[in-house]
Amino acid sequence: MMQNECSTVWNNCLEIIKQEVSDQGFSTWFQPIVPLRLEDKSLTIQVPSQFFYEWLEEHYIHVLKKSLSAVIGEGAKLEYSVIVDQGNKQNGPFTVNLPNRSVGKSKSKATPPNNPFELTALTEPQESQLNSSYSFDTFIEGDCNRLARSAGYAVAKKPGITSFNPLMIYGGVGLGKTHLVQSIGNEIKANLPEKFVLYVSSEKFINQFIKAVQNNELQSFQTYYLQVDALIIDDVQFFGNKERTQEIFFHIFNHLHQSGKQIIMTSDRPPKDLKGLEERLLSRFKWGLTADLQQPDFETRMAIIHTKMEAEGIEIPPDVCEYLAYTVDTNIRELEGVLISLIAHASLNRREIDLELAKQIMKNIVHDIETEVGIDYIQKTVAEYFHLKLEDLKDKTRKKEIVIARQVAMYFSKEYTNHSLKSIGYHFGGRDHSTVIHAVQAVNDMIDVNANFKNTVSDLKEKLKIKTA
């Protein structure tokens, strides 16, 4: 009975508060409040964080007092029960009770926050800063990214509701982290247009925070981010050793998470390896799901090439597709860069896309010496040394002298290039990676037992050093 009375009193207060604040302010700062108890003329309400309590006291105390006086009468008091730890299944939330404290005069309505992206006043959320070209349709799934993509899709369908909150995606450069998280954001916007989705890089967030401090607009900065329904932060590793930025992000993170809003982050490494971040922040990063993106395997690279070319309306020959998939085995960004250059050269020079053009492009744009050019040179040098034709190293023949020369060329390709074993095997007539492993072992064994062969390898090393130095 007392709880019903408490809820009735608070609901009556809310009806008055609605008339005094903006719709956004009401949903952000009053809907999350839970009425706990009413004793005499003292109402206790529960708020989700210390930051939440401080904000109410600083910006809305006049509205709260007005509503309480109107509903409860003269002498009404307000107390807070603040959640400082959400707890877990074994232990419930830990709260502290705080009495109301007096504050100075304030305006009858909250001042609309400034948009840190445009530095102009706003009353409603603005642009999401998303790139509409990123979507799940263009994000190719493979063994290297299946968990991250599946989790991302689940979050996109039910933001803030799944256990994947926060969702942390990590991986090296050019593996598709930004593509995936922006795809999540665009999917949320498409399915739930009323949700405010915001994408921001950590660098931009830091710069906005610094500017807000300099311009004495920190309150507007905080309020703006607290309106977000799905916050996407890219490259959180750059928050390292920036204590004040971590402090404000900690409060924003807490409020959004406790309000059932979705948080999505990317990093170049897992949370346990992030340096310069406060432990309390790292622990929150681990609350949801952490999923990694790995280097794409051969089949995924093939799929990426086909998808990219189909989107451009270009048919790519199978041998060119295989050549590119084997040769560019570092990351997706570099592979897409090669495809863009290939398309541009074919268009500008009015040439058909073929293997010769693909090899020419690789010579021009892959800066590392350990590329197809390096393998070509190794094969040519070894063939000349053993007085063989270049094609002999790629043929299926099992003649002893050719097999030894081929194994030596594979050995140097493994030593002097960064190609995968699969890629090396491909350049020697499409052989399996196990053949390359056997070749390297065979050469090492012969070096140990055959002095003449050891001298041969040393001679070839001297010739190759001219190119690989």
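## Helix α6, an enclosed helix

Helix α6 is largely enclosed by the rest of the structure, because 11 of its 15 residues are buried. Here buried means under 20% relative accessible area, exposed means over 50%, and partly exposed covers what lies in between, with a 1.4 Å probe and protein chains only. Helices (H or I, at least four residues) and strands (E, at least two) are DSSP runs, numbered from the N terminus. This is a predicted model, in which local features need pLDDT of at least 70 and side-chain atom pairs count only at pLDDT 80 or more, while totals for chains, interfaces and linings use all residues. Residues are numbered from 1 along each chain as its sequence is written, and side-chain values use heavy atoms, with hydrogens and water left out.

The buried set of α6 consists of Lys 177, His 179, Leu 180, Val 181, Gln 182, Ser 183, Ile 184, Gly 185, Asn 186, Glu 187 and Ile 188. These residues pack against α5 (146-157) and against the strands β7 (167-171), β8 (197-201), β9 (230-234), β10 (262-267) and β11 (289-293); contact means heavy atoms within 4.5 Å. The length of α6 (residues 177-191) agrees with expectation, because its 15 residues should span 21 Å at 1.5 Å a residue and its end C-alpha atoms are 22 Å apart. The expected span of a helix is 1.5 Å times one less than its number of residues.

## The chain as a whole

Zooming out, the protein chain has 19 helices and 11 strands. Of its 469 residues, 47% count as buried. Among contacts with a separation of 6 or more, 71% come from residues 24 or more positions apart.

## Aromatic pairs

Rings of Phe, Tyr and Trp (its six-membered ring) pair if their centres lie within 6.5 Å; planes under 30 degrees apart count as stacked, over 60 as edge-to-face and the rest as tilted. By this rule there are 22 aromatic pairs. One of them joins Phe 196 and Tyr 224 edge-to-face, at 5.9 Å centre to centre and 85° between the planes. Phe 196 sits in the loop between α6 and β8 and Tyr 224 in helix α8 (residues 218-226), so this pair ties together parts that are 28 residues apart in sequence. Both Phe 196 and Tyr 224 are buried.

Phe 205 and Tyr 225 also form an edge-to-face pair, with 5.1 Å centre to centre and 70° between the planes. Here helix α7 (residues 202-214) supplies Phe 205 and helix α8 supplies Tyr 225, so parts 20 residues apart in sequence are tied together. Phe 205 and Tyr 225 are buried too. Ring pairs link these residues into a cluster: Phe 196, Phe 205, Phe 209, Phe 221, Tyr 224, Tyr 225, Phe 239, Phe 249, Phe 253, Phe 285 and Trp 287.

## Helices α16 and α18

Helix α16 (residues 400-416) packs on helix α18 (residues 433-449) at an angle of about 100°, with the axes 8 Å apart. Axes are lines fitted to C-alpha atoms, for helices over the stretch in contact, and angles run from 0 to 180 degrees between N-to-C directions. The two helices α16 and α18 are therefore roughly perpendicular to each other; angles of 65 to 115 degrees get that label, while those under 35 count as roughly parallel, over 145 as roughly antiparallel and the rest as oblique.

On the α16 side, the contact is made by Gln 407, Val 408, Met 410, Tyr 411 and Lys 414. On the α18 side, the contributors are Thr 435, Val 436, His 438, Ala 439, Val 440, Ala 442, Val 443, Asn 444, Met 446 and Ile 447. The residues of this contact divide into 10 nonpolar, 4 polar and 1 charged. Ala, Val, Leu, Ile, Met, Phe, Trp, Tyr, Cys and Pro count as nonpolar, Asp, Glu, Lys and Arg as charged, and the others, Gly among them, as polar.

## Helix α11

Helix α11 (residues 298-311) has 14 residues and reaches 20 Å from its first C-alpha to its last, close to the 20 Å expected. Its buried residues are Phe 298, Thr 300, Arg 301, Met 302, Ile 304, Ile 305 and Met 309, and they pack against α12 (318-327), α13 (332-348) and α17 (421-427). Following α11 comes Gly 313, with a positive phi near 75°.

## Loop details

Some backbone points are worth a look. The peptide bond from Asn 165 to Pro 166 is cis, with omega near 5°, and Pro 166 lies in the loop between α5 and β7. Gln 129, in the loop between β6 (120-121) and α5, has a positive phi near 65° without being a glycine; Gln 129 counts as partly exposed at 31% relative accessibility. Asn 216 likewise is not a glycine but has a positive phi of about 55°. Asn 216 is in the loop between α7 and α8 and counts as exposed at 72% relative accessibility.

Gln 237 is placed in the loop between β9 and α9 (243-258) and counts as buried at 12% relative accessibility. Leaving aside neighbours within four places in sequence, Gln 237 is in contact with Thr 266, Ser 267, Asp 268 and Leu 274.
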